[in-house]
Amino acid sequence: MRHDKAGASCREAPCHRAALHPLPRHTMRRNALLLFLAACILPLPLSAQAVRGVVVEQSGTTPVAGALVSLVDAAGKVRAEVLTDAAGRYLLRAPSAGTYRLRADRVGYRSATASAVELADGATVERTLRASAEHVQLEALVATAERRRCT
């Protein structure tokens, strides 16, 4: 029975035979050829249709960070949503080609909407959404608690 450097037998601990005996060249060539053929034969995924752009304040070019941008289909169902980054940018991927509307919502701003966006298969469309600042009075929040008693 062979032992490794630590004194464990090959049956007790995994051997390092793979490192000692690399694959023969013909096996590596065959595997590389099979991988290449599989990459050539398998169909490539279709590129998705997308809408990208920026949400800015109505009065200028100041970006609106943290706005929720929604992609809404003709039936009014939200198909995709994303938050804008610090520069107000967004990227939405549509599940299929079609006609969609864009809506951006952010506390302190009126909802911004875009006219219908027609997305063809694999197309990427750019849209800028302009949001008007709006003072919003939020409903009061009342928190109550009961004193917890230890027993």
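**The interior and the strands around it**

Modeller: Of the contacts between residues at least 6 apart in sequence, 51% join residues at least 24 apart; contact here means heavy atoms within 4.5 Å. This is a predicted model, in which local features need pLDDT of at least 70 and side-chain atom pairs count only at pLDDT 80 or more, while totals for chains, interfaces and linings use all residues. Residues are numbered from 1 along each chain as its sequence is written, and side-chain values use heavy atoms, with hydrogens and water left out.

The protein has two helices and seven strands, arranged along the sequence as α-α-β-β-β-β-β-β-β. Helices (H or I, at least four residues) and strands (E, at least two) are DSSP runs numbered from the N terminus. Of the 151 residues, 23% count as buried, a term that stands for under 20% relative accessible area, with exposed over 50% and partly exposed in between (1.4 Å probe, protein chains only). The accessible surface comes to about 11,900 Å², and 56% of this area belongs to carbon and sulfur atoms; such areas come from the Shrake-Rupley method with a 1.4 Å probe, and for residues only the protein chains shown count as cover.

The interior itself may now be considered. In soluble globular proteins, nonpolar side chains tend to be buried together. Here the largest nonpolar core has 21 residues, and those with the most contacts inside it are V55, V69, L71, Y90, L102 and L129. Strands β1, β2, β4, β5 (98–105), β6 (112–119) and β7 (124–131) each give two or more residues to this core, and β6 gives the most, with four. A nonpolar core is a set of buried Ala, Val, Leu, Ile, Met, Phe, Trp, Tyr and Cys residues joined through side-chain atoms within 4.5 Å. L129 shows how the parts meet: leaving out residues up to four places away in sequence, L129 touches V54, V55, V56, V69, Y90, L102, A104, A112, T113 and A114.

Several of these strands belong to an open sheet of four, in the order β3-β2-β5-β6 with antiparallel pairing. Its edge strands are β3 (78–83) and β6, each of which pairs on one side only. Neighbouring strands of the sheet are turned by 20° against each other on average, direction ignored, with axes fitted as lines to C-alpha atoms and angles between N-to-C directions running from 0 to 180 degrees. Two strands pair if DSSP finds at least two bridges between them. Five bridges join β2 and β3, where V69 has V82 as its partner in β3. Six bridges join β5 and β6, where L102 has A114 as its partner in β6. The pair β5 and β6 forms a hairpin with six residues between the strands, and G108 in the turn has a positive phi of about 95°.

Within the sheet, S70 lies in β2 (residues 68–72). S70 counts as buried because its relative accessibility is 0%. Its side chain makes a polar contact of 3.2 Å with the side chain of E81; a polar contact is a pair of N or O atoms within 3.5 Å, and within protein one must be able to donate a hydrogen and the other to accept it, with residues adjacent in sequence counting only if both atoms are side-chain atoms. Beyond its neighbours within four places in sequence, S70 is in contact with residues including V78, L92 and R103.

Strand β1 (residues 50–57) and strand β4 run antiparallel and are joined by five bridges, with G53 opposite Y90. In a regular strand the side chains alternate between the two faces of the sheet. R89 is in contact with G53, V54, L83 and T84, setting aside its neighbours within four places in sequence.

After β7 the chain continues to E134. E134 counts as partly exposed because its relative accessibility is 29%. The side chains of E134 and R110 are joined by a polar contact of 3.0 Å, and E134 is also in contact with G108, the glycine of the hairpin turn.
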